[in-house]
Amino acid sequence: MGILELLGSFKDRAEKFLNEKNVVTDFLNRVEEKTGIRKKLLAAGAVSLTGLYLVYGYGAALLCNVIGFVYPAYYSIKAIESVSKEDDTKWLTYWVVYGVFSLGEFFSDIFLYWFPFYYAFKCLFLLWCMAPVAWNGSQVIYERVVRPFFLRHEAAVDNLVSDLGGKAMSAAESLTREAFPWLTSNQLTALRRRKMSSYLADVG
């Protein structure tokens with residue numbers, strides 16, 4: 001039932017997207033007019049080719065990152081512009097999970113790179129995280145992993161951030177105090193040299 005619900009939600013979201021007016025649908029409409037092929041079939045073909053490219057194509061990492069970024073970014077902007085705050089929470093949750101996943105991937109990429117069909121599975125994972133269902137990946141991972149970890153270590157993280165912020169501010173103030181006299185001295189020296197050069201030119 002869960003898989004059927006997920007597939008049905010993806011189908012509904014895809015149909016809704018294809019009926020909206022945007023750059024993608026405008027392009028599909030033009031292609032449909034010229035070829036006579038329905039835009040639903042064109043979209044399905046594009047998705048199929050994308051899946052094959054993720055498995056066998058060169059540059060699959062870039063394509064996978066684009067899929068995981070462009071669609072959520074588009075709907076995040078729409079969420080910001082909407083009156084409802086529920087969609088804001090949804091996409092903020094996605095970006096938190098996306099950031100945690102990207103951080104983990106950065107340190108394990110050297111091993112994951114050799115995993116067969118890694119980018120295809122990564123793309124499926126990101127699609128699950130942005131799926132238009134209540135139990136999508138970002139919600140599940142946030143509730144079961146990110147949120148408990150954050151609540152357990154919130155005080156320690158706040159203290160660490162505060163300490164780092166204070167140290168950064170102190171370092172900036174110290175650098176400013178040391179750099180200002182040096183810059184002032186250099187400016188005065190340059191001014192004296194210009195005056196001397198001007199004086200010698202007038203005397204000559």
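## Exercises on a helical chain

Of the 204 residues of the protein chain, 20% count as buried, where buried means under 20% relative accessible area, exposed over 50% and partly exposed in between, computed with a 1.4 Å probe on protein chains only. The structure is a predicted model, in which local features need pLDDT of at least 70, side-chain atom pairs count only at pLDDT 80 or more, and totals for chains, interfaces and linings use all residues. Residues are numbered from 1 along each chain as its sequence is written, and side-chain values use heavy atoms, with hydrogens and water left out.

**Exercise 1.** Work out how many helices and strands the protein chain has.

*Solution.* Begin with the rule that helices (H or I, at least four residues) and strands (E, at least two) are DSSP runs, numbered from the N terminus. Under this rule the protein chain has seven helices and zero strands, and its pattern along the sequence reads α-α-α-α-α-α-α.

**Exercise 2.** Describe how the axes of helix α4 and helix α6 are placed, and which residues make the contact.

*Solution.* Step one is to consider the axes, which are lines fitted to C-alpha atoms, for helices over the stretch in contact, with angles running from 0 to 180 degrees between N-to-C directions. The axes of α4 (residues 60–81) and α6 (residues 118–129) come within 10 Å and cross at roughly 0°. Step two is to classify the angle: α4 is therefore roughly parallel to α6, since angles under 35 degrees count as roughly parallel, over 145 as roughly antiparallel, 65 to 115 as roughly perpendicular and the rest as oblique. Step three is to list the contact (heavy atoms within 4.5 Å): α4 contributes A60, A61, C64, N65, I67 and G68, while α6 contributes Y119, K122, C123, L126 and L127.

**Exercise 3.** Decide whether S76 counts as buried or exposed, and name what S76 touches.

*Solution.* S76 is found in helix α4, and because its relative accessibility is 12%, S76 counts as buried. Not counting residues up to four places away in sequence, S76 touches W91 and W95.
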